[in-house]
Amino acid sequence: MTDDSSIKNQEERIVSALTKEGEVIADVSVRPRQLSEYIGQHRVKDNLVISIQAALQRAEPLDHTLIYGPPGLGKTTMAHILATEMGVSIKSTSGPAIERAGDMVALLTQLRKFDVLFIDEIHRLPRIVEEILYPAMEDFFVSWVVDKGLKARSMNLSIQPFTLVGATTRYGMVSAPLRDRFGSVHRLDFYDEQSMHTIVSRSAKILNIDASEEGSAEIARRSRGTPRIANRLLRRTRDYAQVVTKSGINHDVALAALNKLAVDNIGLDDIDRQVLNCIILKFGGGPVGLDTVAASINEESDTIEDVYEPFLLQLGFLERTPRGRVATPRAYEHLGIEYDKFKQKNMF
C-alpha cells in the first residue's frame, strides 16, 4: 500500500521542479479567450456578435453553430470563445471518439442549462450516434431503445437547452439532416499577411519572446495564412535563436531558422514541393490522380487533400480537373522551371 506522505512529497517535488521564483512554468496558451482578442475573420466575428447579443437579450441558448474550413484556422478556439461570451461551460469531444449511442446520451444528459457541446470533426460521427442528436438539437430530448426483441422499449428523456458547436474540415461530408439543423454556419478562410503578422506579434508577447517587427513579419509571411502553423514556426524559431544565435528573433535569425526548417519564402515545405515536383517531373504536369501522387511520394491521399492541397489551390499552383491534378504555370515558375521549354521538351 502506498504511503500518503510519500505521494504528497512526490507531488511537492514535481510542483517545485515546475516552478521558478514562485511562478508555475507551463506552456502558455496563446489562444484568444474573447471575440475582441480574436484576430481576423471579421465577417464571421460580426455575425457571431449579433447572434450572441440576441441570445443573451432573449435569455435563450445560442443557435447551434457549425464552423468549417481548413485545419489550424481557429475552429476549436472559436467554439471556446462562444462559450465564454455566453458565460457558460463547454464540453469538448470529437466525432471518432463517440462510438455508441449511449456515449452521446451520457454527454447530453450531463449538460447544464445553455451549456455548449463542442464536437470536433463532426463529419466523422457514426450514423447511429448522429440520429440521437436530431431530437436533442430540435426539441431538447433524447430517445433511444433499450433491450432487444420482445423486451425492446423506447426511452425518452428531457435534457437542458444547450448549444451544439460542430467543427469540420470537410463540410460536404456532414450529412444533410445534421447540416440542416444548424442555425448558423460559418466558414473560416485563410488569414491575410497583416492579420498573420498581428497574430505572430501577439503570440511572441504572450510567450515572452524577443521578436522584432521584421522577424515577426518573416514568420508571418511563411505561415500559409494559418495561425497554428505561425505559432509552431514561432516556437521553432525561438529554439533556434536560443541555441544557435543566443539572441532575439530579428529578420536574419528568422530567415536562417525558417530556411533550416525547409520552409520557403511563401510557406511551402518539403511535402508541398514533393507534390508539385511529382506532378511536374514525373507526370509531365498532369493531369494525374490524387492516389497516384500519394503513392509516388509515400504520403496518405487524405493528408494531401486535407492539409496540403487547400493552400496550393489558394496560391493557384494546382488545378483540380475531372481527370486529376494539374500543375499551373505559377507552380513551374516558383520551382524555377521554364514552363514553355518544359512543355516543348515533353511533347510527344
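## Helix α2

Helix α2 covers residues 42-58, 17 residues in total. From first C-alpha to last it reaches 25 Å, close to the 24 Å expected at 1.5 Å a residue. The model is predicted.

Five names make up the buried set of α2: V44, K45, L48, I52 and A55. Viewed down the helix axis, these buried residues fall within an arc of 95°, so they line one face of α2. Their cover includes α3 (75-86) and β9 (184-187). H42, I50, Q57 and R58 sit on the other side of α2 and are exposed. Just after the helix, A59 takes a positive phi of about 55°.

## The α4 and α5 pair

Helix α4 spans residues 101-110, and helix α5 spans residues 127-139. The two pack at an angle of about 35°. Their axes lie 8 Å apart, and the crossing is right-handed.

Which residues of α4 and α5 meet? From α4 come A101, M104, V105 and L108. From α5 come I128, V129, I132, L133 and A136. The residues of this contact divide into nine nonpolar, no polar and no charged.

## P177 in α6

P177 is placed in helix α6, residues 176-179. Is P177 buried, exposed or partly exposed? Its relative accessibility is 38%, so P177 counts as partly exposed. That value lies between the cut-offs: buried is under 20% and exposed is over 50%.

P177 and Y134 are 43 residues apart along the chain. Their C-alpha atoms are separated by 8.0 Å. Residues 127-139 form α5.

Note on methods. Residues numbered from 1 in each chain as written. Predicted model: local features only at pLDDT ≥ 70, side-chain atom pairs only at ≥ 80, totals over all residues. Heavy atoms only, no water. Helix = DSSP H or I, 4+ residues; strand = E, 2+ residues; numbered from the N terminus. Expected span 1.5 Å × (residues − 1). Buried < 20%, exposed > 50% of the residue type's maximum accessible area, 1.4 Å probe, protein only. Arc of directions from axis to C-beta. Contact = heavy atoms within 4.5 Å. Axes fitted to C-alpha atoms, helices over the stretch in contact; angles between N-to-C directions. Left-handed = near helix turned anticlockwise from the far one by under 90°. Nonpolar A, V, L, I, M, F, W, Y, C, P; charged D, E, K, R; others polar.
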